[in-house]
2 protein chains.
Amino acid sequence: MTQNTSAPLAGIRIIDLTSAVVGPYATQVLGEYGADVIKVEERSGDVIRWICGRSPTPGMPGKFLHMNGNKRSICLDLKQEEGRQALLKLVDTAHVFLHNMRPAALARLGLDAETLRKRHSPLIHASIVGFGSKGRYAGRPAYDSILQGGTGLASLFATHGAEPRYVPYVVVDRTAGLMVANAVLAALFAHQRDGAGRTLEVPMFESFAALLLSEHMYGHTFDPPTGPLGDQRLLDANAKPVQTRDGYVCITTNTDAQVKRLFEALGRSDLANDARYATSLARIEHVSEFFSARADVVRQFSTEELMERLLEHDVPIMPCHTLDSLLQDPHLRDVGLIENDTHPTQGAIKRIKPAMSMSGFQAKLRHHAPHIGEQSTEILRELGYSPADIENLFNRGIALAHKPDPSSRPQ
Amino acid sequence: MTQNTSAPLAGIRIIDLTSAVVGPYATQVLGEYGADVIKVEERSGDVIRWICGRSPTPGMPGKFLHMNGNKRSICLDLKQEEGRQALLKLVDTAHVFLHNMRPAALARLGLDAETLRKRHSPLIHASIVGFGSKGRYAGRPAYDSILQGGTGLASLFATHGAEPRYVPYVVVDRTAGLMVANAVLAALFAHQRDGAGRTLEVPMFESFAALLLSEHMYGHTFDPPTGPLGDQRLLDANAKPVQTRDGYVCITTNTDAQVKRLFEALGRSDLANDARYATSLARIEHVSEFFSARADVVRQFSTEELMERLLEHDVPIMPCHTLDSLLQDPHLRDVGLIENDTHPTQGAIKRIKPAMSMSGFQAKLRHHAPHIGEQSTEILRELGYSPADIENLFNRGIALAHKPDPSSRPQ
């Protein structure tokens with residue numbers, strides 16, 4: 001293992017008992033910043049290995065690979081006492097313990113914050129829960145989609161006669177994952193100053209509800225209300241990509257100057273000087289008319305003409321990419337976001353690189369996404385287990401490793 | 001100002017030259033963890049003050065309040081040299097300088113990373129940009145909606161005959177904001193260890209594209225592809241709240257056991273034992289049939305019956321909340337997410353509290369969201385300006401403060 005000493009989180013060890021998206025995405029971020037993430041899997045492994053389509057060898061689908069680089073995997077049967085003891089030894093070497101188990105299961109295994117921090121007091125013990133422990137839904141199961149509905153996001157689509165629907169990616173999981181990374185980083189920062197451990201809880205429901213209410217509580221923030229509940233600009237039926245002569249394009253004009261330049265660029269100085277659209281307050285009053293007027297003008301041009309004219313007039317515009325065209329986007333190629341790589345067992349893959357940049361630090365892939373328990377032996381050895389001990393743990397099914405089958409490798 | 005000494009970021013000063021959502025949301029998070037955020041506004045103030053509906057006194061709409069608590073505002077005319085000098089003095093006292101200006105504007109003001117870090121080397125200089133500086137779109141303007149389209153998110157709605165559309169909240173801005181907070185926290189952690197400054201860049205387009213591709217590159221991760229581009233489970237027309245006899249409900253069953261329990265709870269053991277739905281791989285093969293079968297069964301029950309039966313069988317379920325019903329949710333009341341509060345000039349407001357919890361730290365509101373330049377005088381005084389100097393800066397329009405007009409207070 002090569003250590004990138006200039007990585008901001010170099011030397012920080014995270015024991016990651018999470019599966020699916022929220023936790024693995026959080027530790028993906030922490031791993032990209034250089035943390036030593038040890039993924040602890042049960043026999044069947046992270047559920048995301050099995051519900052996200054096929055891979056050259058089983059259990060390694062694209063979504064799993066993208067979220068689990070820079071992690072080593074140890075597979076332990078925590079229901080056997082010696083498996084649990086191995087995990088506790090691992091926790092003793094760590095700065096952070098992160099899990100998304102439900103509280104009852106966690107306590108049964110003796111992995112709750114009180115127990116672990118009694119054993120290893122500087123530990124940051126972080127719980128991802130669907131619902132905060134102080135409320136009546138505590139302990140209930142949660143998934144992204146029920147939280148999209150439960151926070152009101154799905155219903156926001158049900159305006160203008162439409163049905164409620166989900167956003168076509170796991171937006172609550174991803175958002176919560178970033179919030180978990182924030183909480184862990186804040187606790188690590190504090191730990192670096194005072195040496196103390198901390199107990200964290202990030203409840204997905206409340207966290208996402210807080211975000212969505214901050215966006216949409218709107219006029220109901222005040223008593224008496226100053227306007228409707230819900231940001232009508234975002235809920236307007238015309239708040240969507242605009243149809244061009246030959247497709248769709250995304251145009252946004254928030255400032256008065258941008259609106260003026262938009263209409264001028266398209267030869268409509270009459271609209272550029274229309275009092276209904278000249279100021280932001282006026283546009284809020286006439287939001288539907290504004291979107292309609294804009295749509296009528298834009299429809300006269302091809303996407304290419306619009307891109308050219310509006311970029312020249314410094315009006316924010318982008319093509320309405322599909323996943324296909326996004327993969328061909330020239331800017332993404334310039335910055336090398338997608339890299340052709342070879343996974344040791346999955347063959348040729350497209351790897352997604354971190355997008356942020358930090359001086360003095362080059363985010364490098366230190367480990368390819370692992371098979372279940374791929375580093376079980378290596379990690380047990382680091383904990384001081386002898387080769388005989390390790391063999392014993394394997395023989396008794398306490399430690400496991402799914403050895404990739406060379407015959408199933410891609411050609 | 002009361003200092004919460006146990007806040008993880010207590011004593012960390014952030015000079016925040018951002019406006020709109022990405023930057024202010026990032027500094028909201030950092031402020032909730034205890035950072036001393038100084039919001040630097042130009043004469044007209046953060047644009048979000050003016051495009052988000054009415055407030056009891058002008059420029060203080062709900063969305064602005066929710067994102068700008070715990071911040072003090074100084075209003076400076078940076079185009080005048082003495083205003084710029086005041087900002088530079090402020091930067092000398094700070095750990096982090098965060099902005100979302102376009103590169104050319106930043107350089108014109110001499111606030112680029114090279115210049116500022118030459119002056120104050122331990123500074124973390126963080127840039128939020130629409131497009132990374134290494135690619136051909138560098139310097140172009142960006143907003144949430146054009147990036148929803150530009151990253152392919154809008155097109156993901158355009159399956160099954162529908163049009164592309166935007167998610168009804170600024171999902172790219174919010175996601176990027178959390179990523180910015182992560183980057184700043186990682187840099188602060190590193191700074192705490194080595195005392196060094198760093199230059200950060202978070203490009204919104206690439207950052208969100210990376211997230212979305214991690215979700216949807218799917219079978220095209222591999223060469224040759226093992227399946228389609230796009231996670232069909234998330235794109236399926238039935239991936240939406242389910243209609244009940246009297247409304248909608250959100251049900252998610254990812255594990256084999258949950259699927260079995262769902263059908264059993266609703267008296268359909270025939271479906272519980274149907275081989276097409278018994279395993280996750282089988283359900284992927286029969287995804288549309290599975291969603292249809294589920295919809296047919298669920299439609300026979302009322303929302304209340306379903307909530308009761310499925311919670312009893314430990315199947316993940318939530319009501320499909322509206323914004324209205326979300327504000328009444330009993331769990332959110334239990335945890336006190338929304339608090340009735342009084343803003344000094346806006347009167348009675350609903351305040352959204354941070355959802356995460358951290359032991360030894362109670363996230364408190366240290367400052368209400370400020371008016372433009374509300375703390376201009378206080379901050380200039382802290383920088384060592386004499387009362388005469390300050391009066392001079394105000395008289396010449398270099399420092400400004402929009403004093404709230406007491407006559408326009410809410411009744």
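How many residue pairs are in polar contact between chain A and chain B? The count is 61, with both residues at pLDDT 80 or more; a polar contact here is a pair of N or O atoms within 3.5 Å, where one must be able to donate a hydrogen and the other to accept it, and residues adjacent in sequence count only if both atoms are side-chain atoms.

Some housekeeping. This is a predicted model, where local features need pLDDT of at least 70, side-chain atom pairs count only at pLDDT 80 or more, and totals for chains, interfaces and linings use all residues. Residues are numbered from 1 along each chain as written, chains are lettered from A in the order written, and side-chain values use heavy atoms, without hydrogens and water.

Now the interface. Contact, meaning heavy atoms within 4.5 Å, joins 149 residues of chain A to 149 residues of chain B. Of the interface residues of chain A, 100% are also interface residues in chain B, so the copies meet through the same surface.

There are 14 salt bridges between the chains, each a side-chain nitrogen of Lys or Arg within 4 Å of a carboxyl oxygen of Asp or Glu. One salt bridge pairs A:Lys63 with B:Asp231, with the closest N and O atoms 2.5 Å apart. On the side of chain A that touches chain B, helix α8 (residues 171-194; helices are DSSP runs of H or I, at least four residues) gives the largest share, 16 residues.

Last, the buried area, which is the accessible area (1.4 Å probe) that two parts lose on being put together, summed over both. Between chain A and chain B that comes to about 13,400 Å², and carbon and sulfur atoms give 63% of it. In chain A, the residues losing the most area to chain B are A:Tyr169, A:Phe189 and A:Leu323, together 6% of what that side buries.

Key
Helix = DSSP H or I, 4+ residues; strand = E, 2+ residues; numbered from the N terminus.
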